[in-house]
Amino acid sequence: MKKYLYVFLLLFLLTALPPLALTASASAGPAATATGEISTSPATIAIGAQFNGITLEVNGTVPAGSEMVVRLMGAPTELHLRQKGKVFGLLWMNIGQIALKDVPNVFLVDASRPLDELGKAALPYRLQGLADNLEYEKNGQTREIDVPHELLMLKESTGLYNEKTGGVKLGPDEGGKRTFTAELTIPSSLPPGEYKVEAIAVKDGAVAATSVTSIKAELVGFPKSLSDIAFNRSLFYGIMATVIAIVSGLVIGLIFQSKGAH
Amino acid sequence: MNLAMNLYLPIAGNSVNCLAILGLGGAVGLLSGIFGVGGGFLMTPLLMMMGIPPTVAASSDSNQIVGASTSGTLAHFRLGNVDIKMGLLLLLGGVGGGSIGVQIIKILREMGNADFLISITYVLMLGFVGGYMFIESLQAMKKAKMNDFIAHPPPPKKESVYAKMLNSLPMQMDFQRSGIRLSLLMPLFLGVLVGILAAIMGVGGGFIMVPVMVYLLRMPMHVVVGTSLFQILFTCVNVTIMQATQNHTVDFVLALLLLIGSSFGAQVGAKIGKKLGGEHLKILLASLVLVVMFKMLYDLLVRPDVLLAYMGGH
């Protein structure tokens, strides 16, 4: 019962204090109305043998005069990382572990204008917003490092976190509305799974509308079959991998031998 | 055209350029054929640079080495360079040593110092092996030149304490391919030792095994290379199947691409190796080992760009 009371109180506060609500949780603010349906093209991300990342198109309609932020994000999960530090004042080693809470595996943001110009309203949707609210625990030897900053660097180095501008194109204002088309660059290292695509319209420094849809990335064709065998029939997979390797080695050896004989 | 060049690796979870992987396989295969090392200590870091997760890189490389060493062993076998008896004894010891090494790693991990010890073992082993081989072959090459010049045969060597010890061991047997007579306890014991080190360091152990065969078993360099490849073949079959069943980290597509490159490389390497003199081979391998050692030392001493790392691997 207590839980519901808190939720009720929280909702009350959010609706009673609109300006605060905008910075804390934009989607709950009263000024935010749904943009209506947004759609993605393709509707699902098929990871086949030739998959090399794709450009995901996101389309929708927003209130006239707004700027857009579009984000693709994986479900937040717990993440365990090693921390590096100096040992004996000389050698850089893994010295401890850090458990981070609610870290999405993927976080791609694009906007119609430089995100800094969109101000506070866009902050919760940015990498910095994630870093500001990051919770973590250290195990083992602890050294003072800027964990959120280091996390962003680590994730950005793999291409799974990215924040850029210019991939969102806005249409002209028509009857109080405008259309937008966003092109998100999806890296080839995108893990299969369910992702959330959000479109956030920002107008006059406040969130004017938000809309969410989901998209699935799944293995298809040859990668799917091979992955199924690797995980479900792993002994067979291991033996097959070695046998094929041995046969290929022999065949190539024999080809070379016959070539050498001529 | 672009379509054909990129391939998605289902287990690594990333796409790669086929040509880059084929080239990488070819280059490492060449070294493998020349020196009789698996090349894992070079391949794994290079694959990681191409965006392959460390655990997948190491396991798929083992799978690849199975094929490459088959091809390499075949080539050396035809040249009469594989001492199967010696190889089997080393292998037997190596498997035993590997199991001991895995237990040691477990204990170290519980104590919390595993990573530190692994890195230090790496640098010390590489430095010692590389340094010793380098200096030794340099001296041998100088001597050879001097002897040519004066046209005198080298003076007969005095029998060292080590040689006396070798001769006094029980169970002496002939190794015809290598042209030596030795107690079968020696390869067994050294196999265990290399197996332990290889398991701790997480590598096939080729670059430790080769110097051990040259200096401690006193086998001729060309037989060493063929025999080492023969031994590595079986070690990597074991590792591949274990990794596939326990950790699901073998990416067969990646392994096959690397394999095609490295099998050709290994064939060419075996021929180049035959042309190079034994001392040249040793000094080249020593340089390679030293380069890797300095790279690792550098990584230990210089502040990394990012102070957080993913779990897994070492």
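These legends walk you through several close-up views of a predicted model. Local features are described only at pLDDT of at least 70 and side-chain atom pairs only at pLDDT 80 or more, while totals for chains, interfaces and linings use all residues. Residues count from 1 along each chain as its sequence is written, with chains lettered from A and ligands numbered from 1 in the order in which they are written.

View 1. Helix H11(B) covers residues 252-275; helices (H or I, at least four residues) and strands (E, at least two) are DSSP runs, numbered from the N terminus. Its 24 residues should span 34 Å at 1.5 Å a residue, and its end C-alpha atoms are 34 Å apart, which agrees. The expected span is 1.5 Å times one less than the number of residues. Since 19 of the 24 residues are buried, H11(B) is largely enclosed by the rest of the structure. Buried means 20 or more other C-beta atoms within 10 Å of a residue's own, exposed means 12 or fewer, and partly exposed is in between, with C-beta atoms placed from the backbone.

**View 2. An open sheet in chain A.** Here 4 strands line up antiparallel in the order S2-S4-S12-S11. Strands S2 (39-41) and S11 (168-170) are the edges, each pairing on one side only; two strands pair if DSSP finds at least two bridges between them. S11(A) is joined to S12(A) (residues 177-186) by 3 bridges, and Val168(A) stands opposite Ala182(A) in S12(A).

View 3. The bond joining Ser41(A) and Pro42(A) is cis, with omega about 0 degrees. Pro42(A) sits in the loop between S2 and S3 (44-47) of chain A. Most residues other than glycine have a negative phi, and most peptide bonds are trans.

**View 4. Two residues with positive phi.** Asp102(A), not a glycine, has a phi of about 50 degrees and belongs to strand S7 (residues 91-104) of chain A. It counts as partly exposed because it has 14 C-beta neighbours inside 10 Å. Arg218(B), also not a glycine, has a phi of about 60 degrees and lies in the loop between H9 (206-216) and H10 of chain B. With 16 C-beta neighbours inside 10 Å, Arg218(B) is likewise partly exposed.
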